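Here is a short briefing to read alongside the model.

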Amino acid sequence: MSAPETSITTAFQPSPQFFPLGDAAVVVQFGESISLATHLAIQSLNDYLGQQPFAGLRECVPAFTTLTVYYDPWLVSEQGHYLPYERVCAVLQQRLLSAPPAPIVIYHTVEIPVCYGGDLGPDLAAVAQYTGLMPAEVIARHSAPEYLVYMLGFAPGFPYLGRLDARLATPRRAEPRTLVPAGAVGIAGAQTGIYSLPTPGGWQLIGRTPLRLFDPAANPPTLLRAGQHLRFVPISETEFHCLSHEP
Amino acid sequence: MSLSVVRPGLLTTVQDLGRLGYQHLGVVLSGALDAVALRVANLLVGNPQNAAGLEITLLGPIIRFETDSLIALTGADLSPTLDGQPAPLHRPVAVWAGTVLAFGAARAGCRAYLAVAGGLAVPQVLGSRATYLRAGLGGWHGRALRAGDELPVGTFSPVAQQLWQLLAPASWSAPWVAARWLASPALCPTPHAQPVIRAVRGPEYEQFTEASQRAFWHEPFVITPAADRMGYRLQGPALTRDTAPELLSSAVTFGTMQVPPGGQPIVLLADAQTTGGYPRLAQVITADFGALAQAAPGQALRFQEVSLAEAQALYLAQERRLQELRQAIEWKLDSLSASV
């Protein structure tokens with residue numbers, strides 16, 4: 001699956017645009033819509049800056065079509081000798097030219113065990129009813145594809161995933177829940193995702209994973225990162241409780 | 001070395017300069033909302049600028065210093081007292097063990113900072129001691145302080161030791177002694193009741209109607225009670241876009257002014273989520289984060305447009321002033337030790 005997709009990177013890409021996000025960040029915009037080619041170009045620059053940071057680079061935040069580069073204007077300007085924004089843009093232009101065409105870091109596919117339905121996936125029936133599918137078919141279609149993690153955001157470790165089976169698209173709940181547990185796997189419109197922290201939320205919850213998506217004591221603290229692929233693997237409720245960290 | 005919390009106050013948290021380097025994983029920055037105030041307080045007690053101190057919100061705590069301490073208070077004037085006597089802001093103060101710090105009415109601003117020589121020695125989580133309340137991360141057990149908490153304090157730096165020797169005579173007649181000098185007012189501005197916050201245009205500025213753009217720069221926006229360390233919801237003229245293309249989530253940060261569909265803007269602060277999908281109308285300049293953080297619900301903000309070049313010049317000027325403060329303290333100590 002990944003081999004034919006990777007070749008897309010050789011296709012024509014318009015040169016990225018730069019614009020400031022305030023006085024200490026520059027946004028590098030690689031395109032206008034979500035695509036694998038755009039994602040790979042972002043990952044490539046992100047990896048390259050990670051391996052060859054410039055003086056004053058604070059951190060980079062990849063998103064669907066952008067890489068936001070946070071910098072320290074004081075260090076970038078060499079304590080006021082240069083204009084910080086112009087200097088960062090010049091450095092990034094040069095890095096873009098020398099960055100390899102594909103991401104440097106290749107990740108293994110992460111398997112996410114999910115117990116679908118029942119108390120752990122209370123909205124499975126609602127999704128089945130809305131889509132006109134049997135619950136077992138919802139599970140089969142949800143756990144079939146490899147999902148690409150385009151970016152993390154919203155909450156620590158929360159992945160924005162690509163490629164939900166179009167047949168599974170279901171609107172959010174009319175009444176959001178006041179508390180969704182960490183590990184809940186949900187559908188909202190054409191998106192699917194995993195809650196990484198207990199928060200209020202309106203997604204249709206079809207299952208739950210016993211894995212912790214965010215663990216501040218771990219290194220790295222998140223299970224996932226942008227550029228990874230993941231697959232949902234159906235498990236039984238017994239398996240869920242065996243794998244669960246809860247008592 | 002420690003200090004203990006007799007009363008916690010409204011919202012008192014351990015903060016440093018934030019959790020840098022994890023935003024790509026969705027981990028928010030956190031850290032002091034008025035970072036310059038914390039940096040100044042740290043410099044005044046000989047700490048590294050990113051040492052952990054206390055961020056104190058509106059109703060201050062009662063704190064007892066369990067060991068002899070060198071402290072500095074900056075940011076809001078919340079009528080601090082040491083053993084009942086008014087305590088000065090913006091200067092190093094040597095306090096004996098047992099001295100009690102308390103606060104009264106909020107005279108100006110809403111966030112005060114307490115730095116203690118040696119820094120608050122709470123464990124680092126992901127490279128930072130900052131408290132992120134929503135995830136229960138960092139700080140003192142991931143939460144705001146409570147009565148009975150006893151926080152460990154680190155050891156004095158060489159600069160702190162020199163400052164201590166300078167301030168503390170062999171025998172004291174008072175429970176505390178303040179330095180006769182203080183940080184420059186340019187680094188410690190008195191928070192204004194009607195602050196003007198400078199900002200540059202945000203990435204989606206051009207999508208807003210001309211009327212909305214004009215209203216944003218010319219009308220006051222009141223901070224609503226929906227205000228916390230994540231951001232302030234503001235109330236003012238509704239801000240609308242000419243075109244409303246679907247936006248894909250992208251980075252947002254401290255100072256980002258985003259406008260949800262209702263048209264009432266939200267200005268994000270240190271606990272902002274790392275990415276967002278609302279249009280970004282403007283971005284508050286770093287040099288004005290302190291003024292923004294010192295404004296409380298009910299206060300009106302006005303926004304003034306500046307160019308990116310101006311914003312960066314103001315950023316650099318602020319860094320230069322912090323550098324000068326650090327040098328001034330070192331020179332002061334050098335000249336005093338030379339004259340002994």
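Leu213(A) counts as buried, because it has 25 C-beta neighbours inside 10 Å; a residue is buried if 20 or more other C-beta atoms lie within 10 Å of its own, exposed if 12 or fewer, and partly exposed in between, with C-beta atoms placed from the backbone. This is a predicted model, in which local features need pLDDT of at least 70, side-chain atom pairs count only at pLDDT 80 or more, and totals for chains, interfaces and linings use all residues. Residues are numbered from 1 along each chain as its sequence is written, while chains are lettered from A and ligands numbered from 1 in the order in which they are written.

**Around Leu213(A)**
- You will find Leu213(A) in the loop between S12 and S13 of chain A; helices (H or I, at least four residues) and strands (E, at least two) are DSSP runs, numbered from the N terminus.
- Leaving out residues up to four places away in sequence, Leu213(A) touches Gly157(A), Ile194(A), Ser196(A), Thr222(A), Leu223(A) and Leu224(A), where contact is defined as C-beta atoms, placed from the backbone, within 7 Å.
- From Leu213(A) to Val233(A) is 20 residues in sequence and 16 Å in space, C-alpha to C-alpha.

**Helix H6 of chain A**
- In H6(A), residues 135-143, the buried residues are Val138(A), Ile139(A) and His142(A).
- These residues sit on the same side of H6(A), because they cover an arc of only 100° around the axis, the arc being that of the directions from the helix axis to the C-beta atoms.
- As a reminder, an α-helix has 3.6 residues a turn, so residues three or four places apart point the same way.
- The cover over the buried residues of H6(A) includes helix H5 (124-131) and the strands S5 (110-116), S10 (191-194), S12 (204-208) and S13 (229-234) of chain A.

**Domains of chain A**
- Chain A is assigned domain 1 (2-98) and domain 2 (110-243), with bounds that come from an automatic or database domain assignment.
- Between the C-alpha centres of domain 1 and domain 2 of chain A there are 30 Å.
- Where the domains of chain A meet, 6 residues of domain 1 are in contact with 6 residues of domain 2.
- On the domain 1 side, the touching residues divide into 4 nonpolar, 2 polar and no charged; Ala, Val, Leu, Ile, Met, Phe, Trp, Tyr, Cys and Pro count as nonpolar, Asp, Glu, Lys and Arg as charged, and the others, Gly among them, as polar.

**Chain B and its interface**
- Chain B has 5 helices and 21 strands.
- Its radius of gyration, taken over C-alpha atoms, is 21 Å, close to the 20 Å that the globule rule gives for 340 residues, so chain B is as compact as a globular protein of that length; the rule is 2.2 Å times the number of residues to the power 0.38.
- Of the 340 residues of chain B, 53% count as buried.
- At the interface, 34 residues of chain B are in contact with 42 residues of chain A.

**Confidence**
- The model scores ipTM 0.95 and pTM 0.93.
- Mean pLDDT, the predictor's confidence in each residue from 0 to 100, is 90 for chain A and 94 for chain B.
- Within chain A, confidence is lowest in helix H1 (residues 2-6), at a mean of 38, and highest in strand S4 (residues 66-71), at 98.

Technical notes: Contact = placed C-beta atoms within 7 Å.
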